[in-house]
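Me: I have a protein here and would like a quick walk through it. Can we go from the overall fold down to single residues?

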Amino acid sequence: MNKSSILLALLLSIVVYLVYTGVFDVVELTLAIVIGLVTAYVFEMELTTGLRGVSIRRIMLGVYYLVKYFTIIEAKAHWSVVKVILSRNINVQPAIVRVPYKVSSDYSVVFTANSITNTPGTIVVDLDQEKKVYYVHWLTPTDVSDEGAYREVSSEFEKYLSRIFG
């Protein structure tokens, strides 16, 4: 087994666990490490297949992406949904739009889909790998053309994820 693959899988597992539980105390950190070790050991080949080598630049870019996503992008999306909810004249016409993707690695495709789904107001409902498109339920569509939807929904995510995962 490749030690760097296990370490990378361990770190990914710990970060994902802590981010999605939202609790950062000693008990949760210990639990994250234990679960991360088991996950890394059992799934290290699946978790790290297709990844290029680990580099400080890619790790820092990943940290920057996570910080930007969970602060700026999420805040803007939450505010947009709050405005819709609190509006007296709710004139929302949600749509399912086709959003092409330009990333190539499986990790980039999955992380982009997860980023879209975790952002309030958008949910990936299907993925067509042959056509390279996501089908996204969008609460407040502004441009339903393929390029317009790409620009509004996923281009920001892909800009970083393609550099992180290739």
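Me: What kind of model is it, and how are residues numbered?

Reply: This is a predicted model: local features need pLDDT of at least 70, side-chain atom pairs count only at pLDDT 80 or more, and totals for chains, interfaces and linings use all residues. Residues are numbered from 1 along each chain as its sequence is written, and side-chain values use heavy atoms, with hydrogens and water left out.

Me: How many helices and strands?

Reply: The protein has 5 helices and 3 strands. Helices (H or I, at least four residues) and strands (E, at least two) are DSSP runs, numbered from the N terminus. The order from the N terminus is α-α-α-β-α-β-β-α.

Me: What does the C-alpha trace span?

Reply: About 55 × 40 × 25 Å along its principal axes.

Me: What share of the residues is buried?

Reply: 35% of the 166 residues. Buried means under 20% relative accessible area, exposed over 50%, partly exposed in between (1.4 Å probe, protein chains only).

Me: Which residues have the most contacts inside the largest nonpolar core?

Reply: Tyr65, Val99, Ile116, Tyr134, Val136 and Phe157, in a core of 24 residues. A nonpolar core is a set of buried Ala, Val, Leu, Ile, Met, Phe, Trp, Tyr and Cys residues joined through side-chain atoms within 4.5 Å.

Me: Which elements give two or more residues to this core?

Reply: Helices H3 (56-86), H4 (106-118) and H5 (146-165), plus strands S1 (95-100) and S3 (133-138). H5 supplies the largest share, 8 residues.

Me: Now the surface. Which residues form a nonpolar patch?

Reply: Val15, Val16, Val19, Tyr20, Leu66 and Phe70, with about 490 Å² of accessible area together. Patch residues have over 30% relative accessible area and no salt bridge, and nonpolar side chains (Val, Leu, Ile, Met, Phe, Trp, Tyr) are joined within 5 Å. Areas come from the Shrake-Rupley method with a 1.4 Å probe, and for residues only the protein chains shown count as cover. A salt bridge is a side-chain nitrogen of Lys or Arg within 4 Å of a carboxyl oxygen of Asp or Glu.

Me: Which element gives the most to the patch?

Reply: H1, with 4 residues. Tyr20 is in helix H1, and counts as exposed because its relative accessibility is 53%.

Me: Last one. What about the phi of Lys132?

Reply: Lys132 has a positive phi of about 55 degrees, although it is not a glycine. Its place is in the loop between strand S2 (122-128) and S3. Lys132 is partly exposed, because its relative accessible area is 31%.

How values were computed. Patch = residues over 30% accessible without salt bridge, like charges linked within 9 Å, V, L, I, M, F, W, Y side chains within 5 Å.
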